[in-house]
Amino acid sequence: MYAIVRAGGRQEKVAVGDVLTVDKVEGAPGDAVNLVPLLLVDGTDVTSAADALAKVSIAAEIVEATKGPKIIIQKYKNKTGYKKRQGHRQPLTKIKITGISK
């Protein structure tokens with residue numbers, strides 16, 4: 001059984017035991033998080049109706065808070081002496097799927 005969930009502004013395919021990296025989720029490691037299901041596949045049975053998905057719950061546990069790769073932003077204007085350098089690291093959270101229940 002697997003599900004397609006909305007996590008961190010994107011859609012992710014998850015099954016029990018998967019560890020995935022999503023945008024920052026508030027909470028400490030070990031806290032429980034519920035994800036919003038968009039599609040549920042159980043063998044040949046596919047559930048996509050909104051009323052049926054309202055009964056489905058997908059539980060996850062926060063594993064750790066991490067950061068993404070360093071992104072360098074450089075701005076330069078010719079003949080004016082203007083230079084600017086800036087960096088950014090996106091805050092991320094690793095979560096582990098602990099259960100999918102109908």
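This text walks through a predicted model, from the overall fold to a few individual residues. Local features need pLDDT of at least 70 and side-chain atom pairs count only at pLDDT 80 or more, while totals for chains, interfaces and linings use all residues. Residues are numbered from 1 along each chain as its sequence is written, and side-chain values use heavy atoms, with hydrogens and water left out.

Start with the fold. From the N terminus, the order is β-β-β-β-β-α-β-β-β-β. The radius of gyration is 19 Å, well over the 13 Å that the globule rule gives for 102 residues, so the protein chain is more spread out than a compact globule. That radius is taken over C-alpha atoms, and the rule is 2.2 Å times the number of residues to the power 0.38. Along its principal axes, the C-alpha trace spans about 65 × 30 × 20 Å.

Next, contacts and surface. A contact means heavy atoms within 4.5 Å. Among contacts with a separation of 6 or more, 66% join residues 24 or more positions apart. Of the 102 residues, 25% count as buried. Buried means under 20% relative accessible area, exposed means over 50%, and partly exposed lies in between, with a 1.4 Å probe and protein chains only. The protein chain exposes about 7,000 Å², and carbon and sulfur atoms supply 50% of that area. These areas come from the Shrake-Rupley method with a 1.4 Å probe; for residues, only the protein chains shown count as cover. There are 17 positive and 10 negative side chains, and the centres of the two sets lie 19 Å apart.

The largest nonpolar core holds 17 residues. Such a core is a set of buried Ala, Val, Leu, Ile, Met, Phe, Trp, Tyr and Cys residues joined through side-chain atoms within 4.5 Å. Ala-3, Val-5, Leu-35, Ile-58, Ile-95 and Ile-97 touch the most other members. The strands β1 (2-7), β3 (19-23), β4 (32-42), β6 (57-67) and β9 (91-101) each supply at least two residues of this core. Take Ile-97 as an example. Leaving aside residues up to four places away in sequence, Ile-97 touches Val-14, Ala-15, Val-16, Gly-17, Asp-18, Leu-20, Leu-35, Ile-58, Ala-59 and Ala-60.

Move to strand β5, where Thr-47 lies. Thr-47 counts as buried because its relative accessibility is 16%. Beyond residues up to four places away in sequence, Thr-47 touches Leu-39, Leu-40, Ala-52 and Leu-53. Ser-48 is found in the loop between β5 (45-47) and α1 (50-53). Ser-48 and His-88 are 40 residues apart in sequence, and their C-alpha atoms are 38 Å apart in space.

Finish with β7, β8 and the loop between them. Lys-79 is found in the loop between β7 (71-77) and β8 (82-88). Its phi is near 70°, a positive value in a residue other than glycine. Lys-79 counts as exposed because its relative accessibility is 79%. Gly-87 is found in strand β8. At 38% relative accessibility, Gly-87 counts as partly exposed. Gly-87 touches Lys-70, Ile-71 and Ile-73, again not counting residues up to four places away in sequence. The C-alpha atoms of Gly-87 and Ile-73 are separated by 5.8 Å, although these residues are 14 apart along the chain.

Terms used: Helices (H or I, at least four residues) and strands (E, at least two) are DSSP runs, numbered from the N terminus. Lys and Arg count as positive and Asp and Glu as negative; His and the chain ends are not counted. The place of a charge is taken as NZ of Lys, CZ of Arg, CG of Asp or CD of Glu.
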